[in-house]
Amino acid sequence: MSDFWVFGYGSLMWNPGFDHLRAEQALLRGAHRALCVYSWVHRGTQERPGLVFGLDNGGACRGLAYQVSEDIWPQTLEYLRAREQTTMVYKEHWHHVELGSGEKVKALVYMVDHGHPQYAGALPPEKQLEIVEGAVGKSGKNPEYVINTAAHLEEMGIADTALAWLAGQLKDSRNP
């Protein structure tokens, strides 16, 4: 059995981009999902930043843990670093997560770096909406990222009222 796990809490939940042996709902304690990172590449630009999720200190986060086979771990790690570390706004950490089955595993997580200029901190919902609405980056439109993440959390039975509100506002602005 592989000891390599990756914890996804944003787009990694609905677009992991790497092969894995299994995916299970998981709980990470000590950090929470927050729309706290200015996106300069994937969902915005430096001139017109978007917002993406980061794991910020405190609380807990439900997401997906992916088990990765040892024989493809080096390529998977290389892929994740190219994807998640484009501007080094995240720090790699190994944290224990609890799988839906109750099993505890050590998983690679990407925590936001508070000292990085892309760290947005806790923004009011109206400000998040203003930033996300028109932002576009190399991976697509920022509203799609937020709406997709909200939809996947809902499918998984994970309640996030602030994110649901934001996704609803973004959907409404597309279909006035």
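This is a predicted model: local features need pLDDT of at least 70, side-chain atom pairs count only at pLDDT 80 or more; totals for chains, interfaces and linings use all residues.
Local features need pLDDT of at least 70, side-chain atom pairs count only at pLDDT 80 or more, and totals for chains, interfaces and linings use all residues. Numbering runs from 1 along each chain as its sequence is written, and side-chain values use heavy atoms, with hydrogens and water left out.

**View 1. The largest pocket and its lining.** Here we look at about 470 Å³ of space, taken as what is filled by probe spheres set on the grid points, joined across faces, edges and corners. A pocket is an open set of points on a 1 Å grid over the protein atoms alone, where a 1.4 Å probe fits, with protein on both sides within 12 Å along at least five of seven lines; lining residues have an atom within 4 Å of a point. Of the 28 lining residues, Ser 11, His 42, Val 52, Arg 83 and Glu 84 sit nearest the centre.

**View 2. The largest nonpolar core.** Such a core joins buried Ala, Val, Leu, Ile, Met, Phe, Trp, Tyr and Cys residues through side-chain atoms within 4.5 Å, buried being under 20% relative accessible area with a 1.4 Å probe, protein chains only.

View 3. A disulfide needs cysteine sulfur atoms within 2.5 Å, and the count comes to 0. Cys 36 is buried at 0% relative accessibility, and Cys 61 is buried at 1%.

Technical notes:
Buried means under 20% relative accessible area, exposed over 50%, partly exposed in between (1.4 Å probe, protein chains only).
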